[in-house]
Structures are given as C-alpha cells and as structure tokens.
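This briefing covers one protein chain, shown here with its sequence.

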Amino acid sequence: MLAGIEILRRGHCRMSQPIATAPSMDAPQRKLIVGIVMATLAALAIVIADLASGGRPDPPALRASAILLDGTWRFHIGDDSRWAAAGTDDSGWETVDMTTLPGSHDGDVGLPDYVGGWMAHGHPGYHGYAWYRRTVTVPAGRASWDILGPTLVEDGYELYWNGRLLGGSGRLGGTPRVVGTRPLQFALPADAAGSRGVLAVRTYMDPSSAASPDGGGMHTAPMLAPRPVSDALHRVQWERTIAGYIVEVVEPIAMLALVALAIGCRSRSRRRGFLFFAGIALALMAAARLNNAIVAWTDLEGLATYAWLASVMWIPTVAAWTCAWNRWCPRPWSSVDAAALALAVVGMIGVAIHSASWTSASRLASIALFVVIGVRIARGGPMCVLSLVTLAAIMAALFGSELLDTIGIPGIWFPFGIGVSRTQYVYAIAIPLLGFLIVRTLFSKRAHR
C-alpha cells in the first residue's frame, strides 16, 4: 500500500513539474573550469602589473630636467591664423592659470597635472576654437630640445613655435577631424637653444562634445625637455596611456575567448540557443570595449565616429542578451523576442532623432524584460543561482547608469593611480561566470553518446 502511494506521488511530481537538477561534471568539464580559473588569474596578474607600472609618477630625475610650462598663459576664444605669429600683440587677451594642484589628475585615465578648461574660466558652454600663448625661454647648451604636447585636450590642437607649425592632434580647419589626444613629441628648431620664443596652441572643441563644468581646451600644460630626457618622458607618458586602457584590450580578448568556447561547446550543450545569442552579444561587447582603446591609442577613428558607435552598439547588444537569456528558460517566450526587437527599433529611432526620452524608454523597458526573465529563471531550473548571478552581472554592465548610479556606486576608481571604470570591474566578474555557465551546460560524454 505504501509502495503504491509512493509510486503515485512520484508520478504526480513528474507530471506537474519536472525536477531539474544541475548536471554533474565529468573530467573534461572540470579541466575547462580549471582552465577558466587559471586564465582569469593570469589576465588579472597582467592587468595589475600594467596598472602598477603605468600609475607610477614621472621619475623625479626626469621631471627635474624638464620644464612644465604651467603658470600664466594668454587666452583668447575665436580663431585667427595670425595669432600663431611671435609678433602678435596679445596684451589685451585674457589670462589663464595652468598651475596644477599637488596630486591633481583627470577623472578618466588618471593623467597628472590636470587643470580645468575654459568652461571653468569664464566661458561655460562654449564650443569651437580658442588660442593659448606664452613666451618660453629655452636654456642654452648643445642639447636638442623638444616640446611634449599636452596629454589631454578637448578635443584637438595645433602647436606653433614662433609662427611655425610643429604638429598637433587631429586635423583642424574648415572641416575639423578630432581624435583622441595621446602623448606627442615635437622637435624645436635646431637654433632654439639659448633663445626666447612664443609657444602658441590652437585648440578646438567639437560642438557635439559633452559640456562639463570644467571642459574645453587644454587640461594639461606642455613640457619643455632636452633630449634624451624628452624621449624618456614620452615613453613614461605612453606607459600611462596604455595602462589607462589595458583593461579595454584584455577584457575583449576574454570575451572573444568565450565566443570560441561557446562555438566549441555548442554541439554538446543543453542550451544551444543561449550559446548562439550569447556569442553574438559577447562579440558586440568585445568590439565596443576594444573601440575605447583604438580611439585612445590611434588616429584610426575620429571622436565623432566613436561617439556614434558608442550610442548605437549597445542596442543590438541588449537585444542579443535578451534573446540569449530568454533561451536559458526551458521554454522561450516568443513575446520576449518580439519585445526585444521592438525595443531595439525604438532605441535606433532615439539615436537617429537624438531623443533622450526614446533612448531612456528603450533602456528601461529592456530592464523590465530582463527582470521578467530573471523571475522565470528563479522559479526553478538547473544552475538557478549561477545563472541569476551571471544575469545580474550582465544587467549591471549594460545598465550601470540606471542600476548603479541610483545606489551611489562611483563610476570610476583609481587603483595604482590609473582609472578603472565600474563597468570594467563588472565585466571582470561576469566573464568568468559566463565561462562557468557555458561549461556547466554541457552533457557529459557518456550522456552525449
């Protein structure tokens, strides 16, 4: 009698709600898990070593041999090519103090010697051209002298010595093309030693650039240094710039490695649909993150293109992740896929018409979709806790402004003096979690056979 009741009870459980248990791991799965852990630790060690190296202050001996051209500069908004000439009368120009406070740095990479731009000096909201000028005395001697350009300018600049163009960042003129400012080194004329000259900097801030209370123009002063001191300081500046974006290279590589893992595991996975869409989302995320390093280290991409890609690429990424997590559930809802596609269209329209309300509505509705999916996952299923934690990490990465700003989590930290954004921290958690999740979807070899 008791045995019959037990049989009926078990049969009722099978019919009413399938019992989902996490698959047990076989030896290949354990090896993959160990490999993910080792790769994560190796990547973390590389990033920490580079941050620690790049975040060191300039060597005191080098800085003692160089001259930071801070202090008072003449400043004038507008644009006139005659302002580059040494004989230009700038006595009626405004003055800007480029002197830095001890320990000052920018709020992104952590570049030292940071000062506020023209918006903090009487020109709030101004976009366009402006000029800086000052007289520079070059010490006498046999050394060849260089100017190390400002490492942070919004958004482009040209540098002149006594009216002669030495070079600059981006292309200014009738159709300006601004790029990410990076360390640049300019050689002064051979007869500059022991003379006085006028250093003029023509700067340009693109109208599409976001206006901050201290934005616009030069944020770091140029430096005057003899060779080979200038060469050594230039290398130090590049080390700091590389460290500022090293995470934007390491994490995309890890994301692409997850794409390869998903492709390799798909034939043995219980969640093939999830792996397909997750692979698309990871590839898009890797491209978006790598784009930050490309624009910071090279001139391959202008800031206008970079800003447009940044505003567009999140849309298909969110849609792909929505479809992926919808397929983590035992029975995907076609209504969720349709809603994800509709919200992607809304997001694209918001970008096209520059409507913040359309963009915000698309993002908030996408968060609601993720919550619905999370509730479905929480009701039961294999690897419920792991999948929910991973889903939460992906949401925090995609919707940081909506989810993390509201609880006061800072947008950036400065370990070792180099800026690391909270999104980069979140990805550092989400990437290995996704790796574990992919591996845990695999059938054991025996079950697969």
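The notes below start with the overall make-up and end with single residues.

The model is predicted: local features need pLDDT of at least 70, side-chain atom pairs count only at pLDDT 80 or more, and totals for chains, interfaces and linings use all residues. Residues are numbered from 1 along each chain as its sequence is written, and side-chain values use heavy atoms, with hydrogens and water left out.

**Overall make-up**

- The protein has 13 helices and 14 strands; these are DSSP runs numbered from the N terminus, with helices being H or I of at least four residues and strands being E of at least two.
- Taken along the principal axes, the box filled by the C-alpha atoms is roughly 110 × 45 × 35 Å.
- Buried residues make up 49% of the 449 residues, where buried means under 20% relative accessible area, exposed over 50% and partly exposed in between (1.4 Å probe, protein chains only).
- Of the contacts (heavy atoms within 4.5 Å) with a separation of 6 or more, 80% are between residues 24 or more positions apart.

**Nonpolar cores**

- A nonpolar core is a set of buried Ala, Val, Leu, Ile, Met, Phe, Trp, Tyr and Cys residues joined through side-chain atoms within 4.5 Å.
- The largest core holds 55 residues, and Phe274, Trp321, Trp325 and Phe370 have the most contacts inside it.
- Two or more residues of this core come from each of helix 2 (27-54), helix 5 (247-265), helix 6 (272-297), helix 7 (303-326), helix 8 (334-352), helix 9 (356-378), helix 10 (384-398) and helix 12 (422-440).
- Helix 7 contributes the most to this core, with nine residues.
- Another core of 39 residues lies apart from the largest one, and its members include Leu69, Leu159, Trp161 and Ala225.
- Phe274 is in contact with Ala324, Trp325, Arg327, Trp328, Leu434 and Leu437, residues up to four places away in sequence not being counted.

**Cavities and pockets**

- On a 1 Å grid over the protein atoms alone, a cavity is a set of points where a 1.4 Å probe fits but cannot get out, whereas a pocket is an open set with protein on both sides within 12 Å along at least five of seven lines; lining residues have an atom within 4 Å of a point.
- Grid points are joined across faces, edges and corners, and a volume is the space filled by probe spheres set on the points.
- The largest cavity is lined by 15 residues, of which Pro112, Asp113, Thr151, Met223 and Gln237 are the closest to its centre.
- The lining of this cavity has seven nonpolar, four polar and four charged residues; Ala, Val, Leu, Ile, Met, Phe, Trp, Tyr, Cys and Pro count as nonpolar, Asp, Glu, Lys and Arg as charged, and the others, Gly among them, as polar.
- The second largest pocket holds about 690 Å³ of space.
- Among the 26 residues lining the second largest pocket, Thr40, Ala43, Leu44, Val250 and Ala254 are the closest to its centre.
- Helix 2, helix 5 and helix 12 each give two or more residues to this pocket lining, and helix 2 supplies the largest share, nine residues.
- By class, the lining of the second largest pocket has 22 nonpolar, three polar and one charged residues.

- Thr441 sits in the loop between helix 12 and helix 13 (445-448) and is buried, because its relative accessible area is 1%.
- Thr441 and Arg270 are 171 residues apart along the chain, yet their C-alpha atoms are separated by 5.4 Å.
- The side chains of Thr441 and Ser269 form a polar contact of 2.9 Å; such a contact is a pair of N or O atoms within 3.5 Å, and within protein one must be able to donate a hydrogen and the other to accept it, while residues adjacent in sequence count only if both atoms are side-chain atoms.
- Gln29 belongs to helix 2 and is buried, with a relative accessible area of 0%.
- The side chain of Gln29 reaches the backbone oxygen of Val439 at 3.1 Å.

- Arg240 is part of helix 4 (residues 229-245) and counts as buried because its relative accessibility is 6%.
- Beyond its neighbours within four places in sequence, the contacts of Arg240 include Asp58, Pro112 and Ile418.
- Asp337, in helix 8, counts as buried at 19% relative accessibility.
- Leaving aside neighbours within four places in sequence, Asp337 is in contact with Cys323, Asn326 and Arg327.
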